Amino acid sequence: MGKRITAFLLQIIISMSFLLCFSGCSESDKTEKEIIIKVPHTSTMNCVSNKDIKNVYTLLKLASKDFVEQYDKDVKIKVVEFEGGEETKAITNSFGKSDAADILYDGFFNMSSFIHTGKVIPIDDILTQEMKDDIYPAFLEHGRFDNKLYMMPYMSSENILIYNREMFEECGLNEYIDEGEVISEWSIEDWTKILNTLADKFAKEGKGRVPMMMYAKDNQGDTHIMTMLRAFGGDLFNSNNNFNLADNPDVISALRWLQNGVDSGWYLPVPYYKTMSDNSSKFKMDELTFYNFNLGSSTYSRVKEDYNAETKTFKKYGFVNYPGNHCTIFNEGFEIFDNGDSEKIEIAKDFIRYFYETDKWLECSAGSIPVSKKVMEKYKDDILLLEAFAHNSVNSVDYTHNLPNWQGSENSVRSVFYKEIALLMIKDADGNFAVTPEECANNLQNKLNTAISEGRKNSTLHD
Amino acid sequence: MKQSKSKCFYAFFVFFIIVVIFLAIYVCSIVTGNILEDVAVSNIREVAVHDRNTITMFIEYNWKNQQRIGERLKRNSQNLKTVKQINEYLGLEAYESTFDKVYLLMEDGSYYTDVTYRKDSNDPDYYPYMDLFKNTDNYKVIAYDSLPIMGSDKVVIYGYKLPDNPKDEVLSGIRIGEDRKEVYAVIGICKRSTIVDGLVIENYVDNSGNTQGYSSVVNKNGEYVVDRKDAASSVSDSLFDIIERSDESDLKFSDVQEKMLEGKEFWFYMKKNGVRELNYCAPLNSSSIDWYFIMSVNYNVIRDQTELFVLLIVVVMSVAIIVIIIAFVLTIIMQRKTQIAHAQEKAQSEFLSNMSHEIRTPLNGIVGLNYLMMNAIDAPEKHLQIKEWLKKSQSTAEYLLALINDVLDISKLQAGKVEVTPAPMLVETMLESVYSMQYDNITGREVEFIKDFHITVPCIQCDEVHIKQVLMNIVGNAAKFTPAGGFIKFSAHQSMIDENHVMTTFICKDTGCGMSKEFLSEIFNKFTQDRSSTSNSTKGTGLGMAISKLLVNAMGGEISVESELNKGSTFTVEIPSEICEIPDYLKTSSDYAEKTADNSNNDVESMKILVAEDNELNAEILMEILSQFDFIPVHAQNGQEAVEIFEKSKINEFKIILMDMRMPVLDGCEASSRIRKLDREDAKTVTIFACTANSFQEDRVKALDSGMNDFLTKPIDINTLLRKMEKINHEKYNSQ
């Protein structure tokens with residue numbers, strides 16, 4: 001009797017101890033799987049089919065809600081926004097943690113480096129024959145590395161240059177203006193003449209207007225500058241996918257051509273300490289003639305206002321490829337990460353498959369250049385310049401080749417490139433440039449190939 | 001029942017002590033945890049103050065830079081005429097400074113940047129920088145979410161208004177541009193990240209190297225000047241939004257707002273997304289900045305820092321408390337043992353004193369009576385007197401014997417040498433026997449003796465000798481202490497425990513002198529006697545109740561007593577027993593009694609008893625007694641002689657041999673063994689009683705092993721002898 005009472009009392013004490021010690025600490029077990037989709041805050045959209053969708057975050061929130069409702073498994077999808085340019089913090093730093101991304105929506109430009117972490121899974125198995133037939137092969141090709149599809153394209157931005165045709169007309173450069181939805185193609189000689197004519201005119205008036213965009217303060221927009229290294233033709237890469245710049249006369253010519261622009265007054269003052277935004281602001285103030293342009297850019301609304309649908313002409317703006325007649329394509333789409341849970345990978349694949357097989361979500365890509373032929377066909381007349389961009393895609397260059405260490409580290413390609421371009425533009429106290437074009441090409445080749453080489457060393461592809 | 005209550009009491013006591021220890025440790029851990037938490041908060045405050053000062057210094061450093069830009073501008077202002085010249089100059093200033101952009105705000109609100117000149121609000125992207133200086137402050141810093149010139153970056157705008165004081169010749173009256181407008185202020189713009197990068201608190205990292213604490217800066221509207229570090233929160237949330245939507249918060253957002261407006265330093269806990277954070281808030285220590293610095297640290301960091309220490313404290317305290325309690329309990333036990341030892345020593349001392357007195361008194365009486373009788377033996381007129389003296393001498397000697405028997409009993413019980421040997425017992429018969437044995441004794445004292453037996457189970461397995469001894473003791477005590485005119489009620493009843501066991505309860509209630517409360521608590525202890533005035537006249541060893549309790553407990557029962565002084569006592573004995581069928585020998589005992597009643601006299605008359613006893617006096621007395629009961633005793637002086645006499649006797653000449661255990665030449669056991677081994681018809685059947693002053697278990701075993709039939713304790717009680725003889729004859733009768 002006594003022993004029983006003692007045992008009972010001890011049980012109560014132990015229970016009390018546990019209750020007191022661990023009260024509030026317990027958490028109920030969750031059986032449903034949670035998929036985390038991360039998307040940068042800067043992913044804006046000009047969605048034609050649904051005007052309420054202003055950004056990719058909203059699109060994915062709506063799509064994931066519908067997916068969960070129709071899905072046969074108990075699943076929860078959390079869409080998380082992160083600051084644009086904070087991919088390292090939002091993605092790499094979360095590997096192995098509870099907030100690790102299962103799906104990332106971002107530009108291929110930002111996403112390609114994650115392929116080499118070994119966390120991104122190949123997703124060729126997502127593609128059905130119908131999808132393969134529908135998506136433009138060039139876009140799919142941009143998502144491949146080592147013949148495997150790692151990035152699923154959704155929409156694309158083709159970057160060209162927009163120019164202020166009023167300034168052209170003001171300077172007697174009408175002969176270079178093409179009317180209508182046309183993306184012009186000029187020779188390097190044309191370019192030189194045009195820029196010099198504009199610069200001379202602006203210098204004389206002394207109001208601070210300049211013809212050409214140029215910036216090297218940070219890595220924003222560096223791709224466009226890199227595209228201009230092709231102004232004299234040729235490829236930047238050799239057959240081994242390494243940069244071939246130092247012994248490349250075309251590249252050296254391009255660098256010299258760009259450097260001469262400083263003395264010729266083509267650029268904003270102190271171009272090495274200017275950003276793409278400085279140039280953007282200057283262009284909007286009608287004080288800069290050429291600036292970057294794509295269907296998703298903030299200038300697009302002005303372009304639409306400028307377009308006369310009856311005459312099918314523009315009054316203020318014209319469009320041209322980068323010197324050398326190139327354009328760059330920025331794809332956006334999805335990557336799936338392997339966080340050690342095969343069930344979550346399957347759910348993520350199911351979500352993306354659902355997303356592409358559901359017309360209302362696929363059609364939201366119309367606004368930028370859709371990767372889907374059927375969406376393109378349906379909306380080509382509703383989107384100004386869409387067809388022109390589609391035709392111009394033949395001039396696009398693969399500027400990253402999805403190489404490792406393109407960005408994200410202190411010695412990555414993007415961390416190195418703009419600094420060398422800045423040096424190309426800087427003059428010393430005696431008025432001499434800090435580096436010659438040859439030195440710049442040599443430095444670029446060494447540093448960029450070192451970056452890629454280190455990236456290759458650390459590169460791990462998913463099995 | 002009492003024992004069970006006692007166990008319950010001890011269990012609850014142990015529980016109470018454990019609960020007290022537990023609560024003490026719990027309270028201690030809480031208090032220690034709170035103290036350590038305060039220390040941790042204090043540490044966080046120190047780090048926060050350091051970071052806050054760093055930010056303040058950073059901002060002040062930027063203002064200094066703006067001052068220097070102003071100084072350089074003064075020197076170069078004459079050369080700055082065109083917009084392009086000014087743009088380039090400002091571009092270079094920005095490149096050389098900590099700013100991303102350096103602007104010059106003119107007195108009319110227009111301003112030069114490194115790329116353009118903005119005249120008024122008609123210009124695209126014009127920003128009214130003049131509004132920064134609505135107050136009289138010369139220094140200004142504000143956070144701005146979207147400045148087109150900076151793209152998507154959030155910015156911090158620093159303003160430095162050139163002094164109007166004419167005494168400051170260096171900076172006043174700077175004029176630039178074609179129309180030589182006066183410069184009003186220098187504007188510096190930089191990304192917020194320049195502050196953010198310096199705000200990661202390295203002190204608070206978890207085992208994985210992740211930062212668990214971060215700083216942020218908000219303005220007094222709760223808007224983040226410097227973003228929080230957790231990417232999960234919406235970029236547009238203000239501190240007040242976050243507090244409002246938090247899972248729980250010590251302070252409401254309105255309280256936080258109020259404290260900020262008052263410029264107070266404070267901290268509060270907030271739980272969001274399941275994570276508890278300590279938020280330490282302090283205003284930046286510059287009169288020109290109305291921002292608040294906030295350091296948020298994951299509570300796990302504080303917990304981790306304090307947990308180990310609290311655990312250590314709890315363990316040390318637990319051990320200390322347990323050691324103290326063990327020491328306390330041991331001290332109590334030692335004290336108790338000492339007290340008991342003292343009490344026992346005292347009781348034994350008293351007992352020896354009592355015994356000395358009790359034994360000397362009757363011995364003195366016997367010696368005195370013998371002396372009187374020796375003197376008076378020759379005087380015929382004294383014969384009646386002598387007869388009276390002999391009776392008294394007999395009575396005194398019997399008392400002396402009882403006294404010594406009690407002492408021996410308690411010794412045996414203490415040594416565990418008394419075995420309980422349950423055997424079928426007729427309860428009613430046993431009760432009647434006790435009643436009849438005590439009847440004359442009680443009624444002779446003019447005390448009414450009432451019996452009240454309700455026996456439902458007639459036969460139980462019980463040690464009849466021992467239960468009878470207990471009951472005789474209790475009833476005998478009642479008889480001793482109940483004055484004439486009172487009554488003694490001797491009752492018994494039974495209740496079933498289960499289908500095979502029954503609880504027999506014996507109650508003896510008297511209207512005697514009762515007992516004091518003090519004595520009542522000690523009544524079952526050895527060497528205890530109530531010396532209250534009412535019982536002084538009553539003789540006793542003080543061992544009876546102790547013997548009774550030991551016997552009852554040995555039988556698995558309980559004995560208890562209730563008593564009130566001068567009113568009487570009630571003794572209750574409860575004995576659990578196995579129920580059994582009435583064996584044949586008990587059923588036929590009456591038949592046998594009738595038979596033996598008819599034949600006993602004849603048998604006895606002709607019965608020869610061989611008495612082996614080396615002590616001449618004892619032998620003589622025993623022979624005389626036996627003769628008086630018409631036995632024919634034959635004396636043997638030792639075991640050897642007893643064997644020889646028996647060997648020479650006729651077959652069945654001796655029915656009984658009374659064999660002393662300790663004898664010279666050949667002891668009783670050896671003699672008995674030899675007799676049993678004799679090759680004669682009655683060697684196996686003759687009844688041999690062991691006679692000894694000792695009746696310990698080993699003596700009994702030894703005697704029975706040597707072939708003796710039973711025991712007789714010296715001095716031989718002839719009635720006991722006769723009863724044992726009857727029993728042996730009865731067994732033989734049944735076996736025939």
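In the hairpin of strand 11 of chain B and strand 12 of chain B, which residue takes a positive phi? Select Asn273(B): its phi is positive, near 50 degrees, and the hairpin has two residues between its strands. Keep in mind as you look around that this is a predicted model.

**The hairpin and its neighbour**

Stay in chain B and colour residues 266-272 and 275-283, which are strand 11 and strand 12 of chain B; they run antiparallel and are joined by seven bridges. For one facing pair, pick Met270(B) and you'll see Glu277(B) of strand 12 opposite.

**Into the core**

Next, select Ile103(A) and Leu104(B). In the largest nonpolar core, which has 198 residues, these two touch the most other members. Zoom in on Leu104(B) and show what it touches beyond four places away in sequence: Leu90(B), Tyr111(B), Tyr112(B), Ile176(B), Val183(B) and Val186(B).

Hop over to chain A and select residues 56-70. This is helix 2 of chain A, with 15 residues and a reach of 21 Å from first C-alpha to last, close to the 21 Å expected. Highlight Val56(A), Tyr57(A), Leu59(A), Leu60(A), Ala63(A), Ser64(A) and Phe67(A), the buried residues of this helix. Look down the axis of helix 2: those buried residues fall within an arc of 150 degrees, so they line one face. Lys65(A) and Glu69(A), on the other side, are exposed. What do the buried residues of helix 2 of chain A pack against? Show strands 1, 2 and 3 along with helices 13 and 14 of chain A, and you have the answer.

**Last stop**

Finish at Glu454(A), in helix 18 (residues 437-458) of chain A. Glu454(A) counts as partly exposed because it has 15 C-beta neighbours inside 10 Å. Leaving out residues up to four places away in sequence, Glu454(A) touches Asn405(A) and Asn411(A). Draw a distance to Ser412(A) too: Glu454(A) is 42 residues from it in sequence, yet 8.8 Å away in space, C-alpha to C-alpha.

Technical notes
Residues are numbered from 1 along each chain as its sequence is written. Chains are lettered from A and ligands numbered from 1 in the order in which they are written. This is a predicted model: local features need pLDDT of at least 70, side-chain atom pairs count only at pLDDT 80 or more; totals for chains, interfaces and linings use all residues. A nonpolar core is a set of buried Ala, Val, Leu, Ile, Met, Phe, Trp, Tyr and Cys residues joined through C-beta atoms within 7 Å. A residue is buried if 20 or more other C-beta atoms lie within 10 Å of its own, exposed if 12 or fewer, and partly exposed in between; C-beta atoms are placed from the backbone. Two residues are in contact if their C-beta atoms, placed from the backbone, lie within 7 Å. Two strands pair if DSSP finds at least two bridges between them. Helices (H or I, at least four residues) and strands (E, at least two) are DSSP runs, numbered from the N terminus. The expected span of a helix is 1.5 Å times one less than its number of residues. The arc is that of the directions from the helix axis to the C-beta atoms.
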